Amino acid sequence: QVQLVESGGGLVQPGGSLRLSCAASGSRSSIYTMGWYRRAPGKQREYVASITSGGVTNYADSVKCRFTISRDNAKNTVYLQMNSLKPEDTAVYYCTAIQTDYWGQGTQVTVSS
């Protein structure tokens, strides 16, 4: 079993930055490819970014060059640094261990002036 807890969401103005964290606990959590997804109001959940246990990253085109995913395996934590935020980035952001049923509870990100 793996438990995932996100934090770091909030309200930010357009052009601002936030860093989300996802703390993982449980057995062997460091072996998983970890990812971030988001669900905007009235829309389906969409992929944002992922990182393998070895640090290989991948991003959705909509966030490429603005968001950076990273992980600290010693701390069992995955991060999502979000820069140049836009109103369309407003969503609940979820952390997951890719290809498993392990999901966090989500953290709200609101980009508004």
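A polar contact is a pair of N or O atoms within 3.5 Å; within protein, one atom must be able to donate a hydrogen and the other to accept it. In this predicted model, the side chain of Arg38 meets that description with the side chain of Glu46, at 2.6 Å. A second polar contact, at 2.9 Å, links the side chain of Arg38 to the side chain of Tyr93. Arg38 belongs to strand E4, and its relative accessibility is 5%, so it counts as buried, the limit being under 20%.

Met34 has Ile51 as its bridge partner in E5, while Gly35 is partnered in E5 by Ser50. The two strands form a hairpin with six residues between them, and Gly42 in the turn has a positive phi of about 75°. E4 is also joined to E9, by six bridges, and this pairing is antiparallel too. Here Trp36 finds its bridge partner, Cys95, in E9.

Trp36 leads on to the nonpolar core. The largest such core has 29 residues, and those with the most contacts inside it are Trp36, Leu80, Met82 and Tyr93. Strand E1 (2-7), strand E3 (18-26), E4 and E5 each supply at least two residues of this core, as do strand E7 (67-72), strand E8 (77-82), strand E9 (91-97) and strand E10 (107-111). In soluble globular proteins, nonpolar side chains tend to be buried together. Tyr93, one of the core residues with the most contacts, is the residue whose side chain makes the 2.9 Å polar contact with the side chain of Arg38. Met82 touches Tyr93 as well, along with Gly16, Ser17, Leu18, Leu20, Arg66, Phe67 and Val109, not counting residues up to four places away in sequence.

Several of these residues come up again around Asp89, which is found in the loop between E8 and E9. With a relative accessibility of 1%, Asp89 counts as buried. Its side chain reaches the backbone nitrogen of Lys86 at 2.8 Å. When residues up to four places away in sequence are set aside, Asp89 touches Arg38, Arg66, Phe67, Ser84, Val109 and Val111.

The structure holds three aromatic pairs. In one of them, the rings of Tyr37 and Tyr47 have centres 5.6 Å apart and planes at 75°, so the arrangement is edge-to-face, a label that calls for over 60 degrees. Tyr37 lies in strand E4 and Tyr47 in strand E5, so the pair ties together parts that are 10 residues apart in sequence. Tyr37 also pairs edge-to-face with Trp103, at 5.3 Å centre to centre and 65° between the planes. Because Trp103 sits in the loop between E9 and E10 while Tyr37 is in strand E4, this pair ties together parts that are 66 residues apart in sequence. Together, Tyr37, Tyr47 and Trp103 form one aromatic cluster. Each member is partly exposed: the relative accessible area is 21% for Tyr37, 24% for Tyr47 and 30% for Trp103.

Finally, Gly55 has its place in the loop between E5 and E6. Gly55 is partly exposed, with a relative accessible area of 38%. Although Gly55 and Arg71 are 16 residues apart in sequence, their C-alpha atoms are 7.4 Å apart in space.

Methods. Residues are numbered from 1 along each chain as its sequence is written. This is a predicted model: local features need pLDDT of at least 70, side-chain atom pairs count only at pLDDT 80 or more; totals for chains, interfaces and linings use all residues. Side-chain values use heavy atoms; hydrogens and water are left out. Two strands pair if DSSP finds at least two bridges between them. Helices (H or I, at least four residues) and strands (E, at least two) are DSSP runs, numbered from the N terminus. Buried means under 20% relative accessible area, exposed over 50%, partly exposed in between (1.4 Å probe, protein chains only). A nonpolar core is a set of buried Ala, Val, Leu, Ile, Met, Phe, Trp, Tyr and Cys residues joined through side-chain atoms within 4.5 Å. Contact means heavy atoms within 4.5 Å. Rings of Phe, Tyr and Trp (its six-membered ring) pair if their centres lie within 6.5 Å; planes under 30 degrees apart count as stacked, over 60 as edge-to-face and the rest as tilted.
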